[in-house]
Amino acid sequence: MKIFNTKIAGTGSFVPDRVVTNHDLSQRIDTNHNWIVERTGIHERRISDLSKGECPSGMAKIAAQKAIEAANLTVNDIDLILFSATLPDQSMPNTAAVLQEKLGITNHCGALDVNAACSGWVYLLPMADAMIKTGLYKHILVVGSEMLSAFNNWDDRNTCILFGDGCGAAVLGRASENEDSKIFSSILTCDSTKKDHLTLMAGGACKRITHEVLNNNEQWMTMNGQEVFKAAVKTMAGHAEKVVKDANLSMEDIDWFIPHQANLRIIEAVGNRFNIPINKVIVNVDRYANTSSASVPIALDEAIREGKIKRGDHLLLATFGAGLTAGAVCLQY
Ligand code: ACO
């Protein structure tokens, strides 16, 4: 069987215009700009506006159009949509199906939603890679689109300061014979012993949204921040080390480290373990906060469009999220 190499053919991203600063939050809850910056590195976040269609599929439409254009393709070249969202547009139909219609794709390509929380988009990369490598699909649209503002308790200072909305997308395709692009290695894990540290229990099949649920404020995300922090540093560092080794590379060979944008202290702690200088780390958590599974593809797209990341560069991506899921990928762009 012929094996193809997988290439990130094009990327795109979208963040809502509406900016919510730390100062804005301090008008509502007992917090302040300095505390948030010191503990997280976050200065502001973007919050979507449903009246402008900025739901997961709506944000994804714009990011995906940019990714398809950057890949020099048209919408009907896409033969599979993989969509990561922690909270989809709705339970049925899936958000990938809604996106197919919004993009005007008429080829009836497969359309699948995945939820691995913040790790979702990185989780999808090895899956898309396997399907492209084996020749099953030619052009896979991989989307991470998140509207965390919908389940962020804006009265809980432990969580609401951390999150924002946005979308990142990439088209994965086959590298041609004369191109170096490839996905070298990956790891996907989940430590369910820590699953209760980050939850949103109501709204699924086991606990429908009822008056009682609303009265108990159970419709919001809850988090044990310190446990998530410790697990994030340990797991991302371990995974990063493994995929670089599996790629037969060393940390010095990595041109750009693109970590999940949850907290600058987590990013710095992981980078420091490997002496990765901060100027090799893509950081936008200051502007967008944690956009869950959109965070890595937004950071990737911005760095490509700014001309930081160039063809041939070695990239290290690492993420973690509720579950606690985690993943890392080492690739040549
Ligand atoms: N403003 C001011 N003070 C605050 C705030 C706030 N927004 N939040 C908490 N505090 C107070 C606390 O009440 C506490 O006060 P006390 O000492 O009087 O009790 C003090 O600040 C310290 O609180 P800690 O929780 O110990 O603060 P910590 O340094 O751990 O930082 C944080 C909290 C920022 C949440 C950190 O733990 C963190 O980033 N954890 C990782 C979270 C994360 O990345 N989650 C995303 C997961 S990805 C996904 O799938 C969604």
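Which residues does Val15 touch, not counting residues up to four places away in sequence?

## Surroundings of Val15

In this predicted model, Val15 touches Arg46, Asp165, Gly166, Tyr288 and Ile298, once residues up to four places away in sequence are left out. One of these, Tyr288, is 273 residues apart from Val15 in sequence, although the two C-alpha atoms are 8.2 Å apart in space.

Val15 is placed in the loop between strand S1 (6-14) and strand S2 (19-21). Val15 counts as buried because its relative accessibility is 17%, and buried means under 20%.

## The ligand shell

The ligand is surrounded by 27 residues, of which Thr31, Arg39, Cys118, Gln226 and Asn263 are the closest. At least two residues of this shell come from each of helix H2 (33-40), helix H7 (225-246), helix H8 (264-273) and strand S12 (314-321), and H7 gives the most, with four residues.

## Polar contacts and cover of the ligand

A polar side-chain atom of Arg39 lies 2.7 Å from an oxygen atom of the ligand, while a backbone N or O atom of Ala322 lies 2.8 Å from an oxygen atom of the ligand. A polar backbone atom of Gly225 is 3.0 Å from a nitrogen atom of the ligand. On its own the ligand has 1,000 Å² of accessible area, and the protein covers 76% of that area.

## Aromatic rings

Searching the whole structure gives zero aromatic pairs. Charges do sit over rings, however: the charged end of Arg174 sits over the ring of Phe4, 3.9 Å from the ring centre, and the charged end of Arg311 sits over the ring of Tyr333, 3.8 Å from the ring centre.

How values were computed
Residues are numbered from 1 along each chain as its sequence is written. This is a predicted model: local features need pLDDT of at least 70, side-chain atom pairs count only at pLDDT 80 or more; totals for chains, interfaces and linings use all residues. Side-chain values use heavy atoms; hydrogens and water are left out. Buried means under 20% relative accessible area, exposed over 50%, partly exposed in between (1.4 Å probe, protein chains only). Contact means heavy atoms within 4.5 Å. Rings of Phe, Tyr and Trp (its six-membered ring) pair if their centres lie within 6.5 Å; planes under 30 degrees apart count as stacked, over 60 as edge-to-face and the rest as tilted. A charge sits over a ring if NZ of Lys or CZ of Arg is within 6 Å of the ring centre and within 35 degrees of the ring normal. A residue is near a molecule or strand if one of its heavy atoms lies within 4 Å of it. A polar contact is a pair of N or O atoms within 3.5 Å; within protein, one must be able to donate a hydrogen and the other to accept it, and residues adjacent in sequence count only if both atoms are side-chain atoms. Accessible areas come from the Shrake-Rupley method with a 1.4 Å probe; for residues, only the protein chains shown count as cover.
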